[in-house]
Amino acid sequence: MTEMEKADLEKISYTDISSISIHKMFLRRKKKLLLIRPRIPGDGYTELGSYDWAGLVKQKALDLGWEVTDLAINDATRENVESKINEIKPNLIMHYDHGGSFTLWGQEANALEPALDSTNVGLLANRITSTVSCDSASGLGPLAITNGATSYLGYDEHHGFVIGYQDRFGEASNAANYALLECKSVEDAYQEGIDAYNDLYNDLIATGDIFAANWVLHDRDCFVLLGSTDADACPPALIVHCRTGLPGSIIRCKVGLPDSMIEIHCRSGLPDSMIEMECRAGPNVIIDKCAAGPTIELVPERIPQQFKKPLMQLLDQMRMEK
Amino acid sequence: MVGKKGFMVHGKVEEQEDKVGISGLLVEALDKDFKYDDRLGSAITDRDGKFEIRYDERDFKDAYLDKQPDIFIRIKSPDGRTVLHTTKDKIRYKAGKTEEFIIDIPKNSIEKEDEKLEEKRDEKYRKRVKEEAELKKQLIREEVEEWMNTLPAEKRDEPYLVLGADVFTPRQLVDEVKKDTEIGRMVAKTLDKGRLELARRKR
C-alpha cells in the first residue's frame with residue numbers, strides 16, 4: 001500500500017459492535033490529465049527542452065494515479081485537443097510548446113498549428129490549465145479566466161532556457177506542475193515553481209555563472225498565476241465506509257449520478273479486498289456522502305433484520321462524529 | 001527697523017485679479033541714473049509674495065552725487081532670465097529710507113512663464129534621460145561583450161540560449177544588444193534584474 005493510499009484509509013473502531021468493522025475511506029474520482037506536448041523537427045525549444053520536460057510530468061502523473069491522455073508530437077493537433085477535452089473532460093490541462101499572446105500552439109504534420117486560442121478558449125472553462133510556453137499569460141490566460149477557466153498558470157513574456165542547463169530549467173518549469181499533480185492548491189503550486197526558480201538561481205550563482213542565472217530570474221519573473229488561487233486540480237473526495245460483517249445489496253446509487261464517476265477499492269483486511277463498485281450496490285461499501293450530498297443511500301427494506309439495529313447504531317455514531 | 005544698511009524697499013507682488021501673493025519671483029530694486037541704473041539689491045518673494053531689500057548709500061551714490069535714490073522695481077522670473085514687470089514708468093524720485101511697493105501682475109503672464117519654465121525643465125530632463133539611456137546601453141554592450149570574451153572561443157558561436165522559437169549563440173546575443181533589438185533589450189533587462197537581485201540579497 002502506498003503512502004497516499006494509507007493516508008486515504010483510516011480505520012475507525014466501533015468497539016461496541018463486535019461483528020462489524022468499519023474502514024473510513026476518502027474516495028477520489030478519477031484524476032484526468034490532458035498533456036499536450038509537440039516536438040517539431042529542428043525546433044530547439046521542443047527538441048531540447050519542453051518535450052522531454054513534459055515526459056517527466058507524464059511519468060509523475062502516472063505514478064500518482066492520474067489517467068493521462070498524452071497528445072504528443074503530431075497527435076497534438078487542434079482537432080485532437082478539442083475532441084479530447086470534450087471527450088475525457090480533464091481536470092487539468094498541461095501544455096508544453098510554443099505560445100503567443102493569444103495562442104497555445106500544437107502540431108500537425110511536423111508543423112506548428114494553433115491548438116488553443118481565443119476562438120476555442122471556452123474549452124478551458126472549469127479546468128486548471130498550466131502551460132510552459134511563451135507569452136500566453138499576457139492574453140489567452142486572462143481571456144480563459146473571463147471565459148470560466150478555474151486557474152491559469154503560464155508565462156507573460158518569452159520563456160527560455162540556457163543550453164547545457166536545460167534539465168535544470170526543466171525541473172524548475174515542472175515544479176509547479178508536479179505540485180498540481182500532488183493535488184496542492186494552485187497558489188502552493190505557483191509558489192513551488194517560484195521556489196524552484198530561486199533554488200536554481202542560487203545554484204548557478206554559486207557556480208559563478210551569473211549570466212545563465214539571470215535567465216532564471218527572467219523566467220521566474222514572467223511566471224504568473226491567474227484566476228482562483230485556492231483551487232486544486234484533483235476532484236473532491238468522497239468519504240466512504242467499507243465494512244465487514246454485513247451482507248451486500250443494501251445500498252443503491254441515487255438517480256442522476258453517472259456511475260463512472262465513482263471507483264471504490266476496499267483493501268487489505270476486508271473480505272473483498274479489491275472491489276470496483278462503479279456506484280452499484282456492492283457487498284462491502286457504504287458511501288457516506290460527497291460534497292454535493294448523499295451519493296448512495298441505504299435501502300432499509302433490503303437490510304436483514306438481524307443487522308438493522310447495529311447498522312442504525314453505526315450510522316448514528318457516524319452522524320455524531322460529523 | 002532699518003539695520004546696518006540704512007535703506008529698505010519692501011512690499012508684495014500679487015496677482016492682479018485676486019490679490020494672491022506670488023512666491024518665488026526675483027525682485028530687484030534699482031536706482032534710475034542718467035547713464036547706468038544702479039542695482040540696489042534683490043530678493044526672492046516669500047510664500048505670501050512679500051519681499052524686503054536692504055541697501056545703503058554706497059549702493060546708489062555715484063559721480064552725480066545722488067543724495068537720495070530714484071527707485072524703480074523690476075520683477076523677474078525665478079531663473080532671472082525673463083522680466084515679468086517693471087515700475088520704470090513710475091519712478092519714485094528722491095525716495096525715502098523706506099519705500100513700500102505693492103505690485104500687481106496679471107495672472108496669465110505668470111502662467112505663461114511657468115509653462116515656459118516647465119518646457120525648459122522637460123527638455124533638460126529628456127536630454128538627460130536620453131544621455132543616461134545611451135550611457136546605459138554602452139555599459140550593457142561592454143558587459144555582454146566582456147561576458148562573451150570569458151567563454152572559450154569555440155563556444156562563442158555555439159547555440160547558447162533558447163528563447164521561444166529562437167536559438168542564440170553568445171555572439172548573436174552580443175549583436176542583438178548592439179543593434180538594440182527586442183531580444184537585445186531583453187538581455188539588458190535580465191542584466192538589470194540580476195544586478196538588482198544580487199543587491200537585494202546583499203542587504
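Strand S2 (residues 26-31) of chain B pairs with strand S5 (residues 71-76) of chain B in the antiparallel sense over six bridges, where helices (H or I, at least four residues) and strands (E, at least two) are DSSP runs numbered from the N terminus, and two strands pair if DSSP finds at least two bridges between them. Within this pairing, Ala29(B) lies opposite Ile73(B) of S5(B). The model is a predicted one, in which local features need pLDDT of at least 70 and side-chain atom pairs count only at pLDDT 80 or more, whereas totals for chains, interfaces and linings use all residues. Residues are numbered from 1 along each chain as its sequence is written, and chains are lettered from A and ligands numbered from 1 in the order in which they are written.

S2(B) and S5(B) belong to an open sheet of four strands in the order S3-S2-S5-S6 (chain B), with antiparallel pairing. From one strand to the next, the twist averages 25°.

Overall, the secondary structure of chain B comprises three helices and nine strands, which follow one another along the sequence in the pattern β-β-β-β-β-β-β-α-β-β-α-α. Of its 203 residues, 23% count as buried, that is, with 20 or more other C-beta atoms, placed from the backbone, within 10 Å of their own. Among the contacts of chain B with a separation of 6 or more, 54% involve residues 24 or more positions apart, a contact being a pair of residues whose C-beta atoms, placed from the backbone, lie within 7 Å.

In chain A, helix H6 (residues 186-207) and helix H7 (residues 210-221) pack at an angle of about 170°, with their axes 8 Å apart; the axes are lines fitted to C-alpha atoms over the stretch in contact, and angles run from 0 to 180 degrees between N-to-C directions. H6(A) and H7(A) are therefore roughly antiparallel to each other, the term applying to angles over 145 degrees. Residues of H6(A) that meet H7(A) include Tyr197(A), Leu200(A) and Leu204(A), and those contributed by H7(A) include Ala213(A), Val216(A) and Leu217(A).

As to confidence, chain B averages a pLDDT of 87, and 96% of the residues score at least 70, pLDDT being the predictor's confidence in each residue, from 0 to 100. The model scores ipTM 0.71 and pTM 0.64.

How values were computed: A residue is buried if 20 or more other C-beta atoms lie within 10 Å of its own, exposed if 12 or fewer, and partly exposed in between; C-beta atoms are placed from the backbone. Two residues are in contact if their C-beta atoms, placed from the backbone, lie within 7 Å. Angles under 35 degrees count as roughly parallel, over 145 as roughly antiparallel, 65 to 115 as roughly perpendicular and the rest as oblique.
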